[in-house]
Amino acid sequence: MNFDQSQALFRRAAAVIPGGIYGHTTPAATVPGAVPYFAAEGFGCRYRDVDGNVFIDFMGGYGPLVLGYHHPEVEAAAHAARQLGAAFNHPTPLLVELAEKLTQRIDFADWAVFAKNGADLTNWSIMVAREVTGRPKILKIRGAYHGTAAWCTPGHGGLIPSDRVDIADFPFNDITALEALFAQHRGQVAGLILTPFHHPAFADSVLPTPEFVAACNRLCREHGALQILDDVRCGFRLTADGSHSLYGYKPDLAIYCKALANGHPISACVGRASHKAAASRVFLTGSYWSDPAPMAAALATLDIIAREQIPQRLALLGQRFVDGFLALGKKHGVDLIASGPPAMPYLRVKDDPSFMRTQALCTAIVAQGVFIHPHHNWFISAAMTEADIDEALRRIGIAFDSLPTTPHFAS
Amino acid sequence: MTGDTLKAALYLEAVLPALAELSAQDASLRSAAAGSRPFAITLAVRGHSRRRLAFATDGAITTSTTPQPGDLSLWFPSAGQFLRTVSNRSALALPGGGWTQLTQLRRFSTAGARLDTLLQTRADAHLALHAWGSLLVALAAAASWLRHHPDGPATHARLGTGTVVFECPVLPAPLWLDLATLNSGTGTPASPVTVRIAFGDLATLMAELDNQLDAPAALGLGTLRITGYLPLAENLSLVMLKAGNLLRP
């Protein structure tokens, strides 16, 4: 497998774009040189890169492609809407239909707003929490990703100390630390923003304990703070009605994005009626945020997710994949750790704090035409069949066979 | 800790110890440090651990924190006075003994001048050594910053432990920093490597040292390769930048 076209394109990109490719799709965060840099075409659960290499895709655009590339029903809906126009002077009826759909689907939701990316609405949601409470402080999970705004970016550049004076973080599942922060900032906490489970990069995923979920619910209620669920990565992937229902969170606001429209650009925030007036006072807009085609795609995707019980399907496929992967590790004498829900699993080599062996394993697997990431959770696609999972596992088995000759694996 | 005391710590723990490693690589430095008999100087600055530099007759320099009887011993009543000395300005240094060695002091002075030349100038003749020395000092300075800066302990806790190795084909040897012990050195570290940072060429390394490297682009192009725990490399580079800024002329 060669990546000559990817490399050539990247040389052009590096000359005219900071980083060459920036953000989460940067090759710098994977294993540069061992993975494709540019995509050409997607179909079902596979995609082709610019060199013509085809991969069984376990990242799905880092989450959006929950139903796979070119899902006919979703694409037909988006196409029909696009045929009528784009970025009108006004929203189309699809705006109302989608808001109604979400408020019907999500038990606590009485209203919905829309943007393009998760970060658009995580930022807006903390402003809503501040507007509702009149307080400044936001509590967040240490290491959780909520976007690229100054209050939460994982990057270092361009920040000033005042960006985070009203942000306090604590370790996931650490009830004592959370209680201490609420006590320390008594009367000052506007909101607690959470991901349903902890899915940091460069670390295992961690599921919430029931006690932690209960503490989040209790402390927000006791202190009059809003609970904000950042369901951007997990939403509609673990359940059809939002991840809070799986784990027992009682959010006031929740943000959805990736699986909402199967790759079409849209995000949503839903909230309770009691916060609707305050939400109306927090200015919210973007040039393309009322664009109808992604809304049509979201309506179709939400229908398919419920009708075809996609979360259950993803869980079953994911379990088959994780079980098979772990078995391959055992067969080849490589201890592996699996974490996260099976629908969005992450596996790495055990006792590998440097990630060097995990990176070597990832390199070998990508070389066999299975695209995974060494440092980020993966995403099962509903376009996969059991045969696709088995084919991926067969290829991963070949990758394991090649490991003894893979640089860094033995180090 | 004041700016002067932190800067004095960086000189005592990062800049002066570089004399030892660079004397093994640079004939001019060895020549400057050579003499008819062995000589050692111990520098003591109020509030800091001492720094001993021992000069062999062939100009090889070794460094430690333990003074020996007979060393030329200089005591500086403040960090500011010590910093005046290392920047070649007149300063107050009180005698601590070893005055029979006074005639050898020129070797420390000329070796220091050569160190300045290597670290501060970019002649083609010693560019690789300049880069290596700069990185050597930067790593030791990062360790020193983590030890002494008020934000050091919290920053160290966030960084975690692990050993970072820097490599480049033009360098005399790899350089490493062990964040568990805050020791740095050259060659192969004793502890397992957590992240290996390999610069493909001198230009890439120089760009990094000048804080002008588009690192994500360099990673994609392969002129920079980072194997292992990337966040550690990213976070350490920020500490190196902070410490390096304190040492800029």
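**Chain B and its partner**

Guide: Of the contacts (heavy atoms within 4.5 Å) in chain B between residues at least 6 apart in sequence, 67% join residues at least 24 apart. This is a predicted model, in which local features need pLDDT of at least 70 and side-chain atom pairs count only at pLDDT 80 or more, while totals for chains, interfaces and linings use all residues. Residues are numbered from 1 along each chain as its sequence is written, chains are lettered from A, and side-chain values use heavy atoms, with hydrogens and water left out.

Visitor: How many helices and strands does chain B have?

Guide: Helices (H or I, at least four residues) and strands (E, at least two) are DSSP runs, numbered from the N terminus. Chain B has 10 helices and 10 strands.

Visitor: What share of chain B is buried?

Guide: Buried means under 20% relative accessible area, with a 1.4 Å probe and protein chains only. Of the 249 residues in chain B, 49% are buried.

Visitor: How is the size of an interface given?

Guide: It is often stated as the accessible area lost when the parts come together. Here chain B and chain A bury about 1500 Å², summed over both with a 1.4 Å probe. Carbon and sulfur atoms account for 66% of that area. Elements giving two or more residues to chain B's side include β9 (193-199) and α10 (230-247) of chain B.

Visitor: How many residues does each chain bring to the contact?

Guide: Chain B supplies 19 residues and chain A supplies 22 residues.

Note on methods
Buried area is the accessible area (1.4 Å probe) that two parts lose on being put together, summed over both. Buried means under 20% relative accessible area, exposed over 50%, partly exposed in between (1.4 Å probe, protein chains only).
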